Amino acid sequence: MQNVFDLALRWASIAALSAVLLTGAATAQIEPAAEDKPENYPDAPHRESTFYFCSACHGFKLVAQQGLNASRWNEIIDTMEQKHGAAETRGEERDAMVEYLSTAFPQKQKPGWRNPFQE
Ligand code: HEC
């Protein structure tokens, strides 16, 4: 009967983990999805694909608030994969999103001001 017990334990931990993941997804939703649409953001190549990829988990406004260069945007997408379980993107698909993000939301440049979070 050892196996049955093991199985029950396994199901219990899967249920607990799902609860944690579901709660996380709920708190990440900061914008009402219906009002968030690609047309709200700067028009540049790959806008739609980037919008739908990123807004699967959170409002795109959270993305649009940032101003970063291409390498920092690339790191952000790595973080979404590694920390938040976003689908893996490499090659053309990744390049397209980085291109849109760094065109639409580029690193803000003000003379004499340095963002301490950017190199
Ligand atoms: C699988 C889910 C998922 C996907 C897909 C996703 N993110 Fe996130 N992202 C999250 C979670 C969860 C947070 C933390 C949410 C919060 O703090 O409200 C987050 C937070 C962020 C933040 C805030 C800064 C930070 O590091 O907390 C930025 C910027 C961001 N995401 C950018 C993006 C971009 C750009 C994309 C698309 C290329 C994307 N995300 C796709 C889950 C995701």
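Buried residues have under 20% relative accessible area, exposed residues over 50%, and partly exposed residues fall in between, with a 1.4 Å probe and protein chains only. By this rule Y52 is exposed, because its relative accessible area is 54%.

## Basis of the model

This is a predicted model, in which local features need pLDDT of at least 70 and side-chain atom pairs count only at pLDDT 80 or more, while totals for chains, interfaces and linings use all residues. Residues are numbered from 1 along each chain as its sequence is written, and side-chain values use heavy atoms, with hydrogens and water left out.

## Overall fold

The protein has five helices and zero strands, and its pattern along the sequence is α-α-α-α-α. Helices (H or I, at least four residues) and strands (E, at least two) are DSSP runs, numbered from the N terminus.

Of the 119 residues in the protein, 25% are buried. The accessible surface comes to about 8500 Å², and carbon and sulfur atoms hold 60% of that surface; such areas come from the Shrake-Rupley method with a 1.4 Å probe, and for residues only the protein chains shown count as cover. A contact means heavy atoms within 4.5 Å. Among contacts in the protein with a separation of 6 or more, 63% are between residues 24 or more positions apart.

## The iron site

The ligand contains an iron atom whose protein donors are H58 (NE2) and M80 (SD), at 2.0 to 2.2 Å. Donors are N, O and S atoms within 2.8 Å of the metal (3.2 Å for Na, K and Ca); water is not among the atoms, so sites may look incomplete. H58 is in the loop between α2 (47-54) and α3 (60-64), and M80 is in helix α4 (residues 70-84), so the pair ties together parts that are 22 residues apart in sequence.

The six donor atoms around the iron atom subtend angles of 87 to 179°, and the arrangement is therefore octahedral. Six donors count as octahedral if opposite donors are over 155 degrees apart and all others between 65 and 115.

## Aromatic rings

A pair of aromatic rings is described by the distance of the centres and the angle of the planes. Rings of Phe, Tyr and Trp (its six-membered ring) pair if their centres lie within 6.5 Å; planes under 30 degrees apart count as stacked, over 60 as edge-to-face and the rest as tilted. The count by this rule is seven aromatic pairs. In one of them, Y41 and F60 have ring centres 4.9 Å apart and planes at 75°, so the pair is edge-to-face. Y41 lies in the loop between α1 (2-28) and α2, and F60 in helix α3, so this pair ties together parts that are 19 residues apart in sequence. Y41 is buried at 8% relative accessibility, and F60 is buried at 0%.

The rings of F51 and Y52 have centres 5.0 Å apart and planes at 90°, so this pair too is edge-to-face. F51 is buried, with a relative accessible area of 3%, while Y52 is exposed. One aromatic cluster is formed by Y41, F51, Y52, F60, W73, Y100 and F105.

## Contacts of V63

V63 is a residue of helix α3 and is buried at 8% relative accessibility. Apart from neighbours within four places in sequence, V63 is in contact with C54, H58, W73, L101 and F105. V63 and F105 are 42 residues apart in sequence, and their C-alpha atoms are 8.5 Å apart in space.

R72 is placed in helix α4 and is buried, with a relative accessible area of 17%. Its side chain makes a polar contact with the side chain of E75 (3.0 Å).

E81 also lies in helix α4 and is buried at 11%. The side chain of E81 reaches the backbone nitrogen of T89 at 3.0 Å and makes a polar contact with the side chain of R94 (2.8 Å).

## A positive phi

Most residues other than glycine have a negative phi. H46 is not a glycine, yet has a positive phi of about 75°. H46 lies in the loop between α1 and α2 and is partly exposed, at 33% relative accessibility.

Conventions: Tetrahedral: all angles 85-135°; square planar, octahedral: opposite > 155°, others 65-115°. Polar contact = N/O pair within 3.5 Å; in protein donor to acceptor, adjacent residues only side chain to side chain.
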